[in-house]
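Here are my notes on the model, point by point. Have the structure open while you read.

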Amino acid sequence: MTRDELLRAYRATRDLTLRLVAPLAVEDYVIQPVAEVSPPKWHLAHTTWFFETLVLAVHGARRLDGATQHLFNSYYDSIGERVPQAERGRFSRPTVAEVLAYRKSVDDQLTMLIGDCDAARFEKLAAIVTVGINHEQQHQELLLTDIKRGLFQEPIYPSYAKTEPPKKLPRHTPSSFSSFDGGMSELGHDGRGFCFDNEQPRHETYLAPFALADRLVTQGEYLEFMRDEGYSRPDLWLSDGYAAVRQNGWRAPMYWVERDGTWQRYTLYGLQPVVPEHPVAHVSYYEANAFAAWRKARLPTEPEWEHAANQSNAMADKGTLLDAMIFEPTGHALIGEVWEWTQSAYLPYPGYERPEGALGEYNGKFMIGQMVLKGGSCLTPASHIRPSYRNFFQPEKRWQMTGIRLARDP
């Protein structure tokens, strides 16, 4: 990037974050309904803390009292003290106004630094600022999913969006499967543009022949699974999954609300009816795997999904992403709509090397106990997603925009 390109990307990212919180009342900025969700104020401060700590720390003065800096450290133990995630909503200070002033101060200082540094220094600066931009894009999606979880606890099921919910899609024909030949396939980032360390190195892997569904599992199909007592059939579930069903009382995807025998869904547009043609979202890995077993299919592996996306030129046929400001999945593309669970554990690629310093804590230390998701969602910025992108969550998590695409063996 040139200086101007870097500044434009930085400003656009920072401005979008502020646009995403604009519909909130000040009271909404500080709620933390459950441990896995962070308050919107924390996201605003943490993304700023990232730029300040990893870029400006040796160049500019801190604008917040040093006693509060640790409040906005997420999980970087090498940097210093931090507050456990479950306690991020305990603190009312700094105030929302002070956090917004903090953002402006860091933005002003970083803009000046990018404009004034010499060419040799700019190259290193651009690399870490680009990481910061992509880091904030990740938090833009988390910000929206955390806002949704916070508003869901309100008895009135308030609407975040100021626009109308997306229109219904035409009714779909039964799902069909596209076949892919086996053989050696190159996976991982191809070296063009930015990527995170966990997408490297590019490597070859062997794939047996497989078939991948041409569309996502719909809300109507998932409702059939529920009506067929899918949640009470242990033969469909992994042991830990069925334990989670019983422990948590799961009967439907997260945000589904039953009223007078009819299912509705809480969305960022408020409470909405189930739309049979639209993709189902907010299901755990366990639910996705059980549904696949019910359909006598399976989830794709990460290599299968990425190979299919590369073979089908999925980036040229993207679905709904955040840029459209449509906060619900409506289509069935491989890129966008919902994050698609794979049956692959989140592990390092062969030859992976963890970066030195604080950035080594970004991805590498989470490579255990989590499953890979691919493809992005309707809440993912368009410039942030690519076939090699690796998202990851524990198999019981449901508050992200996660859905299902089935695979089969020949």
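1. Start with the proline at position 201: P201 sits in the loop between β2 (183–187) and β3 (203–207). Helices and strands here are DSSP runs (H or I of at least four residues for helices, E of at least two for strands), numbered from the N terminus. The peptide bond between Q200 and P201 is cis, with omega about -5°.

2. Before going on, a word on what we're looking at. This is a predicted model, with local features needing pLDDT of at least 70 and side-chain atom pairs counting only at pLDDT 80 or more, while totals for chains, interfaces and linings use all residues. Residues are numbered from 1 along each chain as its sequence is written, and side-chain values use heavy atoms, leaving out hydrogens and water.

3. There's another cis peptide bond to look at, joining R93 and P94, with omega about 0°. P94 belongs to the loop between α2 and α3 (96–116).

4. Now the helix pair. How do α2 and α4 cross? The axes of α2 (residues 40–56) and α4 (residues 119–152) come within 10 Å and cross at roughly 170°. Axes are lines fitted to C-alpha atoms, for helices over the stretch in contact, and angles run from 0 to 180 degrees between N-to-C directions. That crossing makes α2 roughly antiparallel to α4 (the label is for angles over 145 degrees; under 35 is roughly parallel, 65 to 115 roughly perpendicular, and the rest oblique). The residues of this contact split into 14 nonpolar, six polar and two charged. Nonpolar covers Ala, Val, Leu, Ile, Met, Phe, Trp, Tyr, Cys and Pro; charged covers Asp, Glu, Lys and Arg; the others, Gly among them, are polar.

5. While you're on α2, click on T48, which is in that helix. Is T48 buried or exposed? With 0% relative accessibility, T48 counts as buried (under 20% relative accessible area is buried, over 50% exposed, and in between partly exposed, using a 1.4 Å probe and protein chains only). Not counting residues up to four places away in sequence, T48 touches R14, Y102, R103 and V106; contact means heavy atoms within 4.5 Å.

6. Next, the core. The largest nonpolar core has 111 residues, and Y160 and I404 have the most contacts inside it. Such a core is a set of buried Ala, Val, Leu, Ile, Met, Phe, Trp, Tyr and Cys residues joined through side-chain atoms within 4.5 Å. Helix α4 supplies the largest share of this core, eleven residues. A second, separate core has five residues, including Y346, Y352, M367 and V372. Leaving out residues up to four places away in sequence, I404 touches L216, V217, Y222, V280, V283, A288, F291 and L299.

7. Three strands form an open sheet in the order β1-β4-β12, with antiparallel pairing; strands pair if DSSP finds at least two bridges between them. β1 (177–180) and β12 (407–408) are at the edges with a single partner strand each, so one side of each has no neighbour in the sheet. Strand β4 (residues 210–213) is joined to β12 by two bridges, and the bridge partner of L212 in β12 is A407. Helix α8 (residues 302–311) lies across β1 and β4, at about 75° to β4.

8. The hairpin deserves a look too. β5 and β6 (residues 262–267) run antiparallel and are joined by four bridges, with W263 in β6 as the bridge partner of E258. Two residues lie between the strands of this hairpin, and D260 in the turn has a positive phi of about 55°.

9. W256 lies in β5 (residues 256–259) and is buried at 9% relative accessibility. Apart from neighbours within four places in sequence, its contacts are Q219, L223, M226, W263, Q264, R265, V274 and V280.

10. Y255, not a glycine, has a positive phi of about 80°; Y255 sits in the loop between α6 (239–248) and β5 and is buried, with a relative accessible area of 2%. K296, also a residue other than glycine, has a positive phi near 55°. K296 is in the loop between α7 (285–294) and α8 and is exposed, with a relative accessible area of 73%.
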